Amino acid sequence: MEAGKEMQRVLAKRQVLLFFVLLGIAQAGSTLRRYSVEEEAENGFLVANLLKDLGLEVEEFAARGPRVISKGKKLNLEFKRQTGDLLLREKLDREELCGPAEPCVVPFQVLLENPLQIFQAELQIRDINDHSPVFLDREIILKISEITAPGTTFLIECAQDLDVGSNSLQTYRISPNFYFHLKLQDSPDGTVLPQLVLDKVLDREDRSEIRLILTALDGGNPPRSGTAQVVIEVLDVNDNAPAFSKLRYEVQVPENSPVGSQVATVSARDLDIGDNGRIAYALSQASEDIRKTFRMNATSGEIVLAKTLDFESTQAYTVYVQATDGGGLSGSSVVFVQVMDLNDNPPELILSTLTNQIPENAPETVIAVFSVADPDSGDNGKMVCSIQEELPFLLKPSVENFYTLMTNTALDRETRSQYNITITVSDMGSPRLTTQHTIAVQVSDINDNAPAFTQSSYTLSVRENNSPALHIGTIRATDSDSGSNAHITYSLLPPNDQQLALDSLISINADNGQLFALRALDYEALQSFEFHVAATDQGSPALSSQALVRVLVLDDNDNAPFVLYPLQNASAPCTELLPRAAEPGYLVTKVVAVDRDSGQNAWLSFQLFKATEPGLFSVWAHNGEVRTTRLLSERDAPKHRLLLLVRDNGDPQRSASVTLHVLVVDGFSQPYLPLPEVMGNPTQDEDELTLYLVIALASVSSLFLLSVLLFVGVRLCRRTRATSLGGCSIPEGHFSGHLVDVSGAGTLSQSYQYEVCLSGDAGTTDFKFLKPVVPSFLLQSAERENDTNSSYRNSFEFS
């Protein structure tokens, strides 16, 4: 949720930034400032301080990253960000930048980043008088007939001056002489044409050649000048000057015309004959550029190209042509050459600002600001700009052929981390020319993906009694982000069960998710436990996810069987009674044992390991029942010691031993003891059992009456002896006894109970019947006789 709120704040900031960017672009188009500087100004010259025009303070100006952009004719300018001063980085040559154009104005833009704003400006380069007038021909030759009337004018070559305005060529002067004076005439293109006017009739016989010095002066302060020598050759009579058929020729020449192709052909007539009627054509008043561009055929008047034309450099030429006959008379005409534009220049793309890396989930982010230009004219100079349609980017046009490239929707780095945007600029000429520029944009990652576990839950198993720090398994989570946003750390979360001391059981490697058991586990104490693991990335804000880990403790056979009955730690051994008349299969006792382990480790089996009388007893392996295997004989010992082994089914196998003491009882009634495996009719068995019980009860009753009679007889005998002999004595001893219940399964009936006293020595065993349960009248009689003799003891010794 916190990550979502942070993303909304970022998007809101970007929307505000985009608003100011578009607002700045809109304002940029309505403001145009012009600054001026003289050419040849030194490096570091202050052009202007733009803080006031931009409406910015010094701190804000430096923070917004100002840049100077000049397309076409480059201006080498720089900003001093601490003050806002715009400085020259090199000397400017007005003639190189603008040629004869006046005023010389070069546009440039000030680009402010963060937020984006474009400021339109112009720099005017003022001319200084750094060029002198130059005559292309150091010697100008004029042939004038001696019969030329005074007042006749003769056009002569003019000088060239690269400066403009008041610094350009302003006037001419001729050296003092008696024959000519100088007349200046303005041409259609604004230049001053010098003309010689004849003041006095020439006489070839008097003077055949006249040399004059022509000086060209500009308007600088101080003025600069250039000179040429005018040589006038006086000719014989020639009374007809050449005359052109047209005073003005207009032609159109495509700029891709090859060198040597015909531009125009001029024609002049001379009514004279002979040498005076023979006409020679030549370029007149030709600048150096015209002389390099065109070549004149002196005989045919054909003008051909000396070099290729370039519409973007010069759109038109004015070529003066002079026709001179053999007598020295001449006529002039002008050829206006219009250069026709062709689509020979592909569009130009100039990047002003570029951001190669943008964050994901950030719509309408400015990637690049660029301008396009095409020096062609008309449709050849009209351009369209586009990018690939399938990309999530948008081109927005701005002022002065500026475009802004920005994201159209939010990008997802996990879907695509890099885009190659190809900007295509095409003109509208025929054929169309195209320029392409490819921008590689990297999509930077933001933490928008939480770590994801490979499984929603993990089940690990570890065998108990493990070694400490045992590696029990590894959990793994992945993060589709990159960098620190994808660096995952693992941690244990507090368990829901507060009684589970998880910190003492498990630890996790924070870097790779490996789980370790810190101590040895005990299956009997803890069979399984659960906990949650968190995977957290290193992004800001950090994202995390959880997974459930269930650890199963596997049982080891680390517990030996434990005998519950008979107890082996009693102060006196437990003795089982076995009637001598017991049938084979008689249940002597049942050994009860348990094992704290589980599974097959707790599957117990019983084995008779050692016995005083081998073959007399057997143990059922699965339930621990000790039974007789045969009838007892008189030769069988009255006391038996059995050693039983209780084994589990583990690996390695563990066992426990139990010792049984069996006492063979003689003189008990012997009920029928059916074997457990003999199966019969249930009704018949019950009838037979009832019969046997009646017989047993009668036998016991008879035995009891006989014992009472014997007891009475003995008392009478004692009384008689006491009278005659002074009494009789019977040895007494202390017996500890316990009650034994003998039932039909190998024990006596509950109607009769006897107290059995067993001595602790290993050689003899005293067996005593006391306190028979008899009818009340017999019991009262026995109590009365007990008053006379307090005890009756009988000792039986077993070996």
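Me: Which element gives the largest share of the nonpolar patch?
Reply: In this predicted model, the largest share comes from β41, with three residues. The patch covers about 410 Å². Its members are Phe562, Leu564, Tyr565, Val592 and Val594. Two elements give two or more residues each: β41 (562-565) and β44 (592-594).

Me: Is Val592 buried, partly exposed or exposed, and where does Val592 lie?
Reply: Buried means under 20% relative accessible area, and exposed means over 50%. Val592 has 35%, so Val592 counts as partly exposed. Val592 lies in strand β44.

Me: How do I read a salt bridge, and how many are there?
Reply: Look for a side-chain nitrogen of Lys or Arg within 4 Å of a carboxyl oxygen of Asp or Glu. That rule gives 21 salt bridges here. One of them joins Arg248 to Glu250, with the closest N and O atoms 2.9 Å apart. Arg248 is partly exposed at 45%, whereas Glu250 is exposed at 58%.

Me: Which parts of the chain does the Asp556 and Arg463 pair link?
Reply: Asp556 and Arg463 form a salt bridge, with the closest N and O atoms 3.2 Å apart. The pair links distant parts of the chain, 93 residues apart. Asp556 sits in the loop between β40 and β41, and Arg463 in strand β33. Asp556 is partly exposed at 23%. Arg463 is partly exposed at 44%.

Me: Which residues are linked in a network of salt bridges?
Reply: Arg94, Glu95 and Asp127 are linked in such a network.

Terms used:
Residues numbered from 1 in each chain as written. Predicted model: local features only at pLDDT ≥ 70, side-chain atom pairs only at ≥ 80, totals over all residues. Heavy atoms only, no water. Patch = residues over 30% accessible without salt bridge, like charges linked within 9 Å, V, L, I, M, F, W, Y side chains within 5 Å. Areas by Shrake-Rupley, 256 points an atom, 1.4 Å probe, with all protein chains shown as cover. Helix = DSSP H or I, 4+ residues; strand = E, 2+ residues; numbered from the N terminus. Buried < 20%, exposed > 50% of the residue type's maximum accessible area, 1.4 Å probe, protein only.
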